[in-house]
Amino acid sequence: ERSHVLVTGGIYRYIRHPGYLGWFVWSIATQLLLSNPICLVLFSIASWRFFAERIPYEEDLLLRFFGTEYVQYRLRTRTWIPFIP
């Protein structure tokens, strides 16, 4: 059913996946706060790899569902996760 609406206001105006960005920052920041350099590196890699796989998969579905509307949104809104456009 096409009753779904692409939300592009509020926080989604600035961040394409705010929940993912929050989790990414939290997972790294906790290790920084604990002064745990080994886990800082490992959490950074594991978190980034998860989102590097998850976001393209999810966005493919969004592109097929919303089409041009999502293309335009994607062009003007970043993920803010390093190396994931």
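What follows is a chat about helix packing, a pocket and a salt bridge in a predicted model.

Student: Let's start with helix 1 and helix 2. At what angle do the axes cross?

Tutor: Roughly 170 degrees, and the axes come within 9 Å. Helix 1 covers residues 18-33.

Student: What does that make helix 1 relative to helix 2, parallel or antiparallel?

Tutor: Helix 1 is roughly antiparallel to helix 2, because angles over 145 degrees count that way.

Student: Which residues in helix 1 meet helix 2?

Tutor: From helix 1 you get Tyr20, Trp23, Phe24, Ser27, Ile28, Gln31 and Leu32. Their partners in helix 2 include Leu40, Phe43, Trp48, Phe51, Arg54 and Glu58.

Student: And how many residues of that contact are nonpolar, polar or charged?

Tutor: There are 11 nonpolar residues in the contact of helix 1 with helix 2, along with four polar and two charged ones.

Student: OK, on to helix 3. How far apart are the axes of helix 2 and helix 3?

Tutor: They sit 6 Å apart, and the two helices pack at an angle of about 130 degrees. Helix 2 runs over residues 37-66 and helix 3 over residues 68-76. That angle makes helix 2 oblique to helix 3.

Student: Switching topic: how much space lies in the largest pocket?

Tutor: About 150 Å³.

Student: Which residues line the largest pocket?

Tutor: Leu6, Val7, Tyr12, Arg16, His17, Glu58, Leu62, Phe66, Tyr70 and Tyr73. Seven of the lining residues are nonpolar, one is polar and two are charged.

Student: Where does the largest share of that lining come from?

Tutor: Helix 2, with three residues. Helix 2 and helix 3 each supply at least two residues of the lining.

Student: Arg16 is in that lining. Which side chain does Arg16 meet in a salt bridge?

Tutor: Glu59, at 2.5 Å from N to O. Arg16 lies in the segment before helix 1 and Glu59 in helix 2, so the pair ties together parts that are 43 residues apart in sequence.

Student: How many salt bridges does the count come to?

Tutor: Four.

Technical notes. Residues numbered from 1 in each chain as written. Predicted model: local features only at pLDDT ≥ 70, side-chain atom pairs only at ≥ 80, totals over all residues. Heavy atoms only, no water. Axes fitted to C-alpha atoms, helices over the stretch in contact; angles between N-to-C directions. Helix = DSSP H or I, 4+ residues; strand = E, 2+ residues; numbered from the N terminus. Parallel < 35°, antiparallel > 145°, perpendicular 65-115°, else oblique. Contact = heavy atoms within 4.5 Å. Nonpolar A, V, L, I, M, F, W, Y, C, P; charged D, E, K, R; others polar. 1 Å grid on protein atoms, 1.4 Å probe; cavity = no way out; pocket = protein on both sides within 12 Å on 5 of 7 lines; lining within 4 Å. Points joined across faces, edges and corners; volume = space filled by probe spheres on them.
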